[in-house]
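I opened my notebook to keep track of what I looked up in this structure.

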Amino acid sequence: MADFVNILKLCVGAESVEDLEAWQVSQAPRWPRGRAVHVTRMWPKRAPEVLAGGSLYWVIKGQVLARQVILGLEKVEGGDGVERCALLLHPEVIRTQAAPRRPFQGWRYLAPEDSPRDLPKGRAADDALPEELARALAEIGLR
C-alpha cells in the first residue's frame with residue numbers, strides 16, 4: 001500500500017488538456033516561479049499523505065485525462081476574507097490514460113492503485129476504445 005494519496009478534481013471550464021495548459025500559461029505571471037496554483041475551499045484532512053507524493057488528477061469533460069504533481073499546500077485568503085487552500089502544483093501537465101468519472105462537487109481522494117496510469121511522454125491521448133466498451137470496462141473497474 002502506498003504512503004501517499006492523490007486528489008481528484010473537476011477541471012471546470014476546460015474542454016481539453018490543451019485548454020488547461022493554455023489557462024495555466026496565461027496565469028503563470030501571478031504564481032510563484034516554477035509552480036502552478038489551484039485554489040480550493042477546503043484544506044485536505046489528509047494533507048501529510050497528499051504531500052508525500054500525491055498528484056492532482058484533472059477530470060475534463062467527464063474523463064480523467066491529466067495530472068500534476070502537488071508540491072505544497074498554502075493557506076490563502078480570498079477577497080471575501082475566507083481562508084482557502086492553494087494547491088501548489090508542478091507546472092508540467094502529465095497526460096494519463098482516459099478514465100471516465102461522473103460529476104461531483106469539490107474534490108475526492110484517489111488512491112494510487114485506483115489512479116489512471118501516465119501515458120508515455122509525447123503521447124497526447126490514449127488509443128480510443130469504442131465508447132460502449134470503455135464505459136463497460138469502467139463500470140467493472142478495469143479502466
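**Overall layout.** I counted 3 helices and 7 strands in the protein. Here helices (H or I, at least four residues) and strands (E, at least two) are DSSP runs, numbered from the N terminus. Read along the sequence, I found the pattern β-α-β-α-β-β-β-β-β-α.

**Ground rules.** I noted that this is a predicted model, where local features need pLDDT of at least 70 and side-chain atom pairs count only at pLDDT 80 or more, while totals for chains, interfaces and linings use all residues. Residues are numbered from 1 along each chain as its sequence is written, and side-chain values use heavy atoms, with hydrogens and water left out.

**Burial.** I looked up how many residues are covered: of the 143 residues of the protein, 37% count as buried. Buried means under 20% relative accessible area, exposed means over 50%, and partly exposed is in between (1.4 Å probe, protein chains only).

**Strand S1.** I then turned to S1, residues 6-10, where 4 of the 5 residues are buried. Which strands pair with S1? Two strands pair if DSSP finds at least two bridges between them. S1 pairs with S7 (residues 107-110) in the antiparallel sense over 4 bridges, and Ile-7 stands opposite Tyr-109 in S7. S1 also runs parallel to S3 (residues 55-60), joined by 4 bridges, and there Leu-8 stands opposite Tyr-57.

**Aromatic pairs.** I found 2 aromatic pairs in the structure. Rings of Phe, Tyr and Trp (its six-membered ring) pair if their centres lie within 6.5 Å; planes under 30 degrees apart count as stacked, over 60 as edge-to-face and the rest as tilted. Trp-23 and Trp-31 form a tilted pair, 5.7 Å centre to centre with 55° between the planes. Trp-23 is partly exposed at 44% relative accessible area, whereas Trp-31 is buried at 12%. Trp-107 and Tyr-109 have ring centres 5.0 Å apart and planes at 80°, so I wrote this pair down as edge-to-face. Trp-107 is buried, with a relative accessible area of 14%, and Tyr-109 is partly exposed at 28%.

**Charges over rings.** A charge sits over a ring if NZ of Lys or CZ of Arg is within 6 Å of the ring centre and within 35 degrees of the ring normal. The charged end of Lys-75 sits over the ring of Trp-43, 5.9 Å from its centre.

**The second largest pocket.** A pocket, on a 1 Å grid over the protein atoms alone, is an open set of points where a 1.4 Å probe fits, with protein on both sides within 12 Å along at least five of seven lines; lining residues have an atom within 4 Å of a point. The second largest pocket is lined by 20 residues, and Lys-9, Leu-10, Cys-11, Val-12 and His-38 lie nearest its centre. Which element gives the largest share of this lining? That is H1, with 4 residues. S1, H1 (17-27) and S2 (36-40) each supply at least two lining residues.

**Glu-74.** Glu-74 is partly exposed, at 38% relative accessibility. Glu-74 and Val-39 are 35 residues apart in sequence and 9.2 Å apart in space, C-alpha to C-alpha.
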